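Me: Hey, I've got this protein open and I'm a bit lost. Can we walk through it together?

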Amino acid sequence: MLDRIPDAAIESFAGVGYFFDLADLAEGESAIDLGSGSGMDVFFAAERVGSTGSIVGVDFTTEQLAKARGIAGEAGYSQVEYREGRIEQVPADDASFDCVISNGVINLAPEKGAVFAEAARVLKPGGRLAIADIVSERQMKESVVCDADLWASCIGGAAQVDAYREAIEDSGLRIDQIRENPYGFISDRARNASAKYGVKSVSLLAFKPTS
């Protein structure tokens, strides 16, 4: 399947884990990617849902949106749409998607509860949230949370895993499974913070109740 995805999207891919087995997208389904960047996961999802499905990517970065739209047009992904917006205020109608996906982005949002509430809002009853993200075993000190470099490394914004789970459940979603992913940080500072606070990549599946 990867050989059908544009090289420009693959070269820009910066995800933190694999979750498409959890998403289990099927032909004809609709999905929305929160923090879609240059579109790698959107294009992968488009291959899963086919020409009868639909995929929306949401990002607030003008440059990334322009690049993703250009790639989609050149590659002929007619079922793909990109919308400008923030993941705390998703530009989509209530109950309009079968699946919400996101890869390594929610940890960067200061208001994670708002993100999960929006995910729950746009999901159809019985719909699913399938994501990969960075969390920590222990609550981090303010000096780490306020460090811009560690935020850029997806560490400073990582929520403690129990608080992360609680934010998802408070939104009304029910967690089905969560698993750890192999993931390594590049800089020494990031690796040290990761070791001290138990920072790790996880993939997670949750469902919106049908009633």
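Me: Let's start with charges. What do the side chains of Arg121 and Glu118 meet in?

Reply: The side chains of Arg121 and Glu118 come together in a salt bridge, 2.8 Å from N to O. A salt bridge here is a side-chain nitrogen of Lys or Arg within 4 Å of a carboxyl oxygen of Asp or Glu. One heads-up: this is a predicted model, where local features need pLDDT of at least 70 and side-chain atom pairs count only at pLDDT 80 or more, while totals for chains, interfaces and linings use all residues. Also, residues are numbered from 1 along each chain as its sequence is written, and side-chain values use heavy atoms, with hydrogens and water left out.

Me: OK. How are Arg121 and Glu118 placed in helix α5?

Reply: They are three residues apart in helix α5, so about one helical turn separates them. An α-helix has 3.6 residues a turn, so residues three or four places apart point the same way. Helices (H or I, at least four residues) and strands (E, at least two) are DSSP runs, numbered from the N terminus.

Me: Is Glu118 buried or exposed?

Reply: Glu118 counts as buried because its relative accessibility is 13%. Arg121 is partly exposed, at 24%. Buried means under 20% relative accessible area, exposed means over 50%, and partly exposed is in between (1.4 Å probe, protein chains only).

Me: Which other residue is in that network of salt bridges?

Reply: Asp94 is linked with Glu118 and Arg121 in a network. Asp94 forms a salt bridge with Arg121, and their closest N and O atoms are 2.7 Å apart. This pair links distant parts of the chain, since Asp94 is in the loop between β3 (80-84) and β4 (97-103), while Arg121 is in helix α5, 27 residues apart. Asp94 counts as exposed, with 53% relative accessibility.

Me: How many salt bridges are there in the whole structure?

Reply: A search of the whole structure turns up eight. One of them joins Glu81 and Arg83, with the closest N and O atoms 3.0 Å apart. Glu81 is partly exposed at 37% relative accessibility, and Arg83 is partly exposed at 23%.

Me: Switching topic. What does the secondary structure come to?

Reply: The protein has nine helices and eight strands. Of its 211 residues, 53% are buried.

Me: And which residues touch the most other members of the largest nonpolar core?

Reply: Those are Leu25, Ile55, Val80 and Tyr82, in a core of 32 residues. A nonpolar core is a set of buried Ala, Val, Leu, Ile, Met, Phe, Trp, Tyr and Cys residues joined through side-chain atoms within 4.5 Å. Among the elements giving two or more residues to this core are α2 (20-23), α4, β3 and β8. Helix α3 gives the most, with six residues.

Me: Why would those side chains be buried together?

Reply: In soluble globular proteins, nonpolar side chains tend to be buried together.

Me: What is Ile55 in contact with?

Reply: Leaving aside neighbours within four places in sequence, Ile55 contacts Ala31, Val42, Ala45, Ala46, Val49, Gln79, Val80 and Glu81. Contact means heavy atoms within 4.5 Å. There's also a second, separate core of 31 residues, which includes Val90, Leu129, Val135 and Leu173.

Me: Now helix α8. Which of its residues are buried?

Reply: In α8 (residues 161-170), the buried residues are Val161, Tyr164, Ala167 and Ile168. Seen down the axis of α8, they fall within an arc of 120°, so they line one face of the helix. That arc is taken from the directions from the helix axis to the C-beta atoms. On the other side of α8, Asp162 and Asp170 are exposed.

Me: What do the buried residues of α8 pack against?

Reply: They pack against α5 (112-122), β5 (123-136), β6 (159-160), β7 (174-181) and β8 (199-207).

Me: What happens at the start of α8, and what follows α8?

Reply: At the start, a side-chain oxygen of Gln160 reaches to within 2.9 Å of the backbone nitrogen of Asp162. After α8 comes Gly172, with a positive phi near 100°.

Me: Last one: where is Ser30 found, and what does Ser30 touch?

Reply: Ser30 is in strand β1 (residues 30-34) and counts as buried, at 9% relative accessibility. Not counting residues up to four places away in sequence, Ser30 touches Ser54, Ser96, Phe97, Asp98, Cys99 and Lys124.

Definitions and conventions
A polar contact is a pair of N or O atoms within 3.5 Å; within protein, one must be able to donate a hydrogen and the other to accept it, and residues adjacent in sequence count only if both atoms are side-chain atoms.
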